[in-house]
Each structure stands twice: as structure tokens, then as C-alpha cells.
Amino acid sequence: MLLKEAKAREIKDSRGEPTIEVEINGCAASSPSGKSKGKYETPSFHKSLKWNIDFINKTKFNLELNKFDDLDKVEKFIKNKAKLKNAREFGANALFALESAILKALAKEEKKELYEIVSGGKKISKIPVPVGNVIEGGLHAHNKEHPNFQEFLIIPKNKTAKENVKVMQLIHTKLKHILKTRLKTDEGAWITHFNEEQIFEILNEFKIRFGNDIAASSFYHEGNYIYRNKILNRETQILYINSLIKNFNLVYIEDPLQEEDFEGFSKINKSENNMIVGDDLTVTHIDRLKKAIQMKSINAMIVKPNQNGSLLELKKIFQICKDNGIKTILSHRSGETMDDALADYAVGFGADYIKCGISTKWREVKLKRLMEIERKINS
């Protein structure tokens, strides 16, 4: 495929905030944006959204691209053309949208599926298990009295994506009546005044695997974790999280400590039955992932394409995780678009899980694509 030019435009994400969409040969790709951001994630744009849009629209690429790894030509071209130290300085949202549009256009020309281009033609051996966000607190909640933990997540364990999605949707609907609420967050999860342990008791009744995105950095201040009804220092936070893991059999614990505390993460109890997940800790960057592995901080990692921008680096991250026994969770952001390619990247890269919500059209489109891919692979 000869990449001659690309068209970029500003669109609105699910929160009504501006982000970027790139179109190549009739194939459009867009980038989401996060509300809860790790301090170390790549900035969304180089100088501004307008700068990136103008750069893409005015640039003549004239690059021959025939496979996934040819994205290296694109990144070198951008680095030289824009006089950057590395391609990620172009901005994570802009780089991801551009590279994603390129791969979609390549898939169209090759008459293949996007996940086939991403996998390099390798046989797909698994469909990622969906992780569903059913209740939210923290920075994502709009009510005054809300749990400190940011997301309460369910993880079904059926044989197919179709069955797993059905279970998540059923539990999400039932929780509306149990919680007696109609209020939802941007991601479509329920808002409640219940505290963490009360919510765990409720989720226990469904006999399903569950856990949390604690997002501890969001309520960490000057050495302490500030809860609604208590203040914990580093040591007591570690003891508290470990007690929750034991008492409620939590299988998923994301960012239980603030984003600088690699050593503290290593003290959170890990086993083959649970995942201690880095997100703000690792921010989809290779150097922080390697440090987390070296310090035994995590046994699972959130991967957000627009936290990094480079799909080439994402491929390396997935390989590093595979080589070191780190589970991978490809994740959406709170400000989403109608682009369904997250499912293709989860399948193509061989992610263990996909975290893209349950409710709202911006999440459902990704789950529908996941089920569509499953049908194609099994047909």
C-alpha cells in the first residue's frame, strides 16, 4: 500500500471533549482520552490538537507500507519531518489515530481483518476475556458520597465472549435494582453511596470473579491515603488491601498504591489466582514495565494504546509481558469514541483480557466487534 496522504479532523469523545480522527483511503480511526491520567503517560498531542491536525493534513508521506512492522517507516518519517527526539513526542492520541488508520487501510487493501494485520498472520489462539465495570467511584463518580475506589469490576469465566458479555449485561442490569439508582458515570457504570466493603458484599452474591481499579493515586496526599472515614499511611494501606484480597477473594487489584511506589506494589499479595495490575504505575511504557518486573511489583498490566501512541511499542510491551508471565489487559479510556478497533488489537496482540465497559454505545460497539471476531475465527 502506498501511503500518500492522510486527513485529520477534530471530533468529540463520549464526554464531549475534543480528540482526533484520522482517515486514510476511506478508513477512519480515532483516539479516546482519559480523565484519570497517570503522571507519566505520553501527552495526548505535540503542541496542541490543532498543530497535529495541521501537520497530518499538510504532510505528503509517500511511504510504501505492506505489513504491521512497516509502521517503523512512519515513525521515522514523523520523527525527522517534525524534528522530534522520538515518535511519541508527536503525541499519543495523534500517533495512535494515525497508525490505526494506516493499519485499517492496509487491511482493506489486503482484504483482511484488522486483527490479522496486527497478528502478522499468526493463528489466533484465544479470545480475550472481557472485564466489566459495573460500579464506579473515585474521580469518575459525580455524587458527593461515593466509594474511594474508582472501578468495581466483574470478570466472567465462560467459554465464549458471547456468554461472557451476556453475563456482564445481566449483572449490570440487576445491580440497578439492588443499588436503587439510575445514576451512571461516563462509562455507564452505576453510581452509589455505598462504601467499598458494602459493594464487595453485594458482588459476592453473584458468585462471579470480581475486583477493583483502586486508582490509589487519586486519593493519595502527602504520604497518606485519604478515605471517606479513615486515613491510612503506606504500611496500613498495604495491610488493608491485603486484607480485602483475603476476605473477599479479590482476583483483580489495579493500582492499589500510588504511582511511584514500585516497592509497595511488591508487598501486595500475589498468587496464580489473582492479578495485581499496574496502570498508573506502568502507563503503557516499556521502561516502567521493566522496572515493575525487576521489582516484582505486578503480575498483570493495563495496556492503553493512547497512553503510549506507538503501536510498535505496544507490540514490544505485549512480548515482554508474555516472556515474563505478566497478564495483559487491553483497556479503553473514560472518554471513548465509536471506533471498535480495540477488540481487534486485543485479539491481534493476544491480550488475556479486554476492559471496555458494559453499558453505553461507545462500549457496546467494542464488545460487539469482539463477538464478531469470535464468530469469524470459529466459522
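Visitor: What should I know before reading the features?

Guide: Residues are numbered from 1 along each chain as its sequence is written, and side-chain values use heavy atoms, with hydrogens and water left out. Since the model is predicted, local features need pLDDT of at least 70 and side-chain atom pairs count only at pLDDT 80 or more, while totals for chains, interfaces and linings use all residues.

Visitor: How are two packed helices described?

Guide: By the angle between their axes and the distance between the axes. Here, the axes of α6 (residues 196-204) and α7 (residues 234-248) come within 11 Å and cross at roughly 20°. That makes α6 roughly parallel to α7, a term for angles under 35 degrees. Helices are DSSP runs (H or I, at least four residues), numbered from the N terminus.

Visitor: Which residues of α6 and α7 make the contact?

Guide: From α6 come E197, F200, E201 and N204, and from α7 come Y240, L244 and F248. Contact means heavy atoms within 4.5 Å. By class, there are four nonpolar, one polar and two charged residues. Ala, Val, Leu, Ile, Met, Phe, Trp, Tyr, Cys and Pro count as nonpolar, Asp, Glu, Lys and Arg as charged, and the others, Gly among them, as polar.

Visitor: What shows where empty space is left?

Guide: Rolling a probe the size of a water molecule over the atoms does. On a 1 Å grid over the protein atoms alone, a cavity is a set of points where a 1.4 Å probe fits but cannot get out, and a pocket is an open set with protein on both sides within 12 Å along at least five of seven lines; lining residues have an atom within 4 Å of a point.

Visitor: How many cavities of 30 Å³ or more does the search find?

Guide: Two, in the whole structure.

Visitor: What volume does the largest pocket have?

Guide: About 750 Å³. Among its 31 lining residues, S119, K122, G348, F349 and G350 are the closest to the centre. Two or more residues each come from α3 (92-110), α4 (114-119), α11 (311-323) and α12, and α11 gives the most, with five. By class, the lining has ten nonpolar, ten polar and eleven charged residues.

Methods:
Axes are lines fitted to C-alpha atoms, for helices over the stretch in contact, and angles run from 0 to 180 degrees between N-to-C directions. Angles under 35 degrees count as roughly parallel, over 145 as roughly antiparallel, 65 to 115 as roughly perpendicular and the rest as oblique. Grid points are joined across faces, edges and corners, and a volume is the space filled by probe spheres set on the points.
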